[in-house]
Amino acid sequence: MSEIESGNDADGDGYPSLPATSWAVLGMLTLGEGLTGYDLKKWADWSIGFFYWSPSISQIYAELKKLEAVGLVESEMVSEPGERGRRVYRITARGTRAVRNWSRDAPVEQPVLKHGLMLRLWMGHLNEPEQLRALVQSHIENMESMRERAKLHADHATREPAWAFSKMSLIWAERYYQSEIELARQILADIDDAAETFSHVRNRDELGNPIPEVAGSWRDVEDFVQGLERRERN
């Protein structure tokens with residue numbers, strides 16, 4: 001039986017093998033309230049969605065079903081007169097121990113950066129500089145909107161003392177989006193420099209794509225950089 005099936009290592013100092021999204025759900029349930037799947041979705045949008053995960057309702061319920069199956073959460077149907085019943089989830093003692101152990105002991109993973117704008121700028125030779133600048137400007141506007149939303153949420157995360165670390169994380173998100181804005185403004189100037197360098201490409205095919213002067217030379221650069229990294233580690 002696997003760790004997640006048995007849940008045994010959630011009873012001591014360990015924690016079961018779960019995806020980070022499961023830990024996010026458990027973390028939201030440690031703040032002392034019974035929550036429905038819809039509540040958890042709204043809570044994620046209000047808080048961790050600014051820096052980690054904006055789940056769909058189906059993702060939330062999939063995580064809850066899995067966590068309940070291994071005894072880390074429990075649920076009950078709650079109904080008010082004249083209203084349809086709601087399934088409310090609460091974290092169990094085992095779930096609290098597990099998420100506490102995970103938050104303390106799990107290795108800190110390197111952030112996974114999937115930057116859609118940078119992917120498009122990386123292939124910037126396919127477009128004109130003014131088109132690239134328009135993309136960057138659109139990104140800046142998006143980041144300004146996210147920064148203001150994060151600030152608004154942080155400013156109103158004061159009702160409960162238990163929200164102190166949620167507020168701290170939202171303030172970090174505000175700073176993060178500001179740094180994205182600053183980086184994007186810097187790259188507006190970098191586009192012109194890159195376009196100037198690219199203008200010196202000697203040969204292009206019939207579609208305008210560059211023909212390398214030395215085919216496969218990127219392998220030599222990769223090998224050289226990897227050699228430098230190995231020497232630095234040693």
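Biologist: How many salt bridges does a search of the whole structure find?

Modeller: The search finds 8 salt bridges in the whole structure. Please bear in mind that this is a predicted model.

Biologist: What lets such side chains pair at all?

Modeller: Side chains of opposite charge can pair when their charged atoms come close.

Biologist: Which residue does Lys41 meet in a salt bridge?

Modeller: Lys41 meets Asp45, with an N to O distance of 3.4 Å. Both residues belong to helix α3, and because they are 4 residues apart there, about one helical turn separates them.

Biologist: Is Asp45 buried, exposed or partly exposed?

Modeller: Asp45 has a relative accessibility of 26%, so Asp45 counts as partly exposed.

Biologist: And Glu63, what is its partner?

Modeller: Glu63 forms a salt bridge with Lys66, and the closest N and O atoms are 3.4 Å apart. These two residues lie 3 residues apart in helix α4, so the separation is about one helical turn.

Biologist: Which of the labels, buried or exposed, applies to Glu63?

Modeller: Glu63 counts as buried because its relative accessibility is 9%, and the cut-off for buried is under 20%. Lys66, by contrast, is partly exposed, with a relative accessible area of 29%.

Biologist: What about Arg133, where does its salt bridge go?

Modeller: The side chain of Arg133 meets that of Asp192, at 2.6 Å from N to O. This pair links distant parts of the chain, with Arg133 in helix α7 (residues 129-155) and Asp192 in helix α8, 59 residues apart.

Biologist: How accessible are Arg133 and Asp192?

Modeller: Arg133 is partly exposed at 29% relative accessibility. Asp192 also counts as partly exposed, at 42%.

Biologist: Changing topic to packing. At what angle do α3 and α4 pack?

Modeller: Helix α3 (residues 37-46) and helix α4 (residues 57-69) pack at an angle of about 120 degrees, and their axes are 9 Å apart. That angle makes α3 oblique to α4.

Biologist: Is that crossing left-handed or right-handed?

Modeller: The crossing in which α3 passes α4 is right-handed.

Biologist: And how far apart are the axes of α2 and α5?

Modeller: The axes of helix α2 (residues 20-29) and helix α5 (residues 93-105) are 10 Å apart, and the two helices pack at about 120 degrees. α2 is therefore oblique to α5. In this case the crossing is left-handed, with α2 passing α5.

Biologist: Which residues form the nonpolar patch on the surface?

Modeller: The patch is formed by Phe51, Tyr52, Trp172 and Tyr176, which together have about 430 Å² of accessible area.

Biologist: Where is Tyr176, and what is its relative accessibility?

Modeller: Tyr176 is placed in helix α8 (residues 164-198). Its relative accessibility is 31%, so Tyr176 counts as partly exposed. Patches take residues with over 30% relative accessible area.

Biologist: Now some loops. Where does Val70 sit?

Modeller: Val70 sits in the loop between α4 and β1 (73-78). Val70 counts as buried, because its relative accessibility is 12%. From Val70 to Gly95, 25 residues apart along the chain, the C-alpha atoms are separated by 9.2 Å.

Biologist: What about Gly82, buried or exposed?

Modeller: Gly82 counts as exposed, at 90% relative accessibility. The residue is found in the loop between β1 and β2 (86-91). Its C-alpha atom and that of Glu182 are separated by 53 Å, and the two residues are 100 residues apart along the chain.

Biologist: Going back to α8, how exposed is Thr197?

Modeller: Thr197, in helix α8, is exposed with a relative accessible area of 57%. Between Thr197 and His153 there are 43 Å in space, C-alpha to C-alpha, and the pair is 44 residues apart in sequence.

Biologist: Last one. Which helix holds Asp39, and how far is Asp39 from Ile211 in space?

Modeller: Asp39 lies in helix α3 and counts as partly exposed at 28% relative accessibility. Asp39 and Ile211 are 55 Å apart, C-alpha to C-alpha, and 172 residues apart in sequence.

Key: Residues numbered from 1 in each chain as written. Predicted model: local features only at pLDDT ≥ 70, side-chain atom pairs only at ≥ 80, totals over all residues. Heavy atoms only, no water. Patch = residues over 30% accessible without salt bridge, like charges linked within 9 Å, V, L, I, M, F, W, Y side chains within 5 Å. Areas by Shrake-Rupley, 256 points an atom, 1.4 Å probe, with all protein chains shown as cover. Salt bridge = Lys/Arg side-chain N within 4 Å of Asp/Glu carboxyl O. Buried < 20%, exposed > 50% of the residue type's maximum accessible area, 1.4 Å probe, protein only. Axes fitted to C-alpha atoms, helices over the stretch in contact; angles between N-to-C directions. Parallel < 35°, antiparallel > 145°, perpendicular 65-115°, else oblique. Left-handed = near helix turned anticlockwise from the far one by under 90°.
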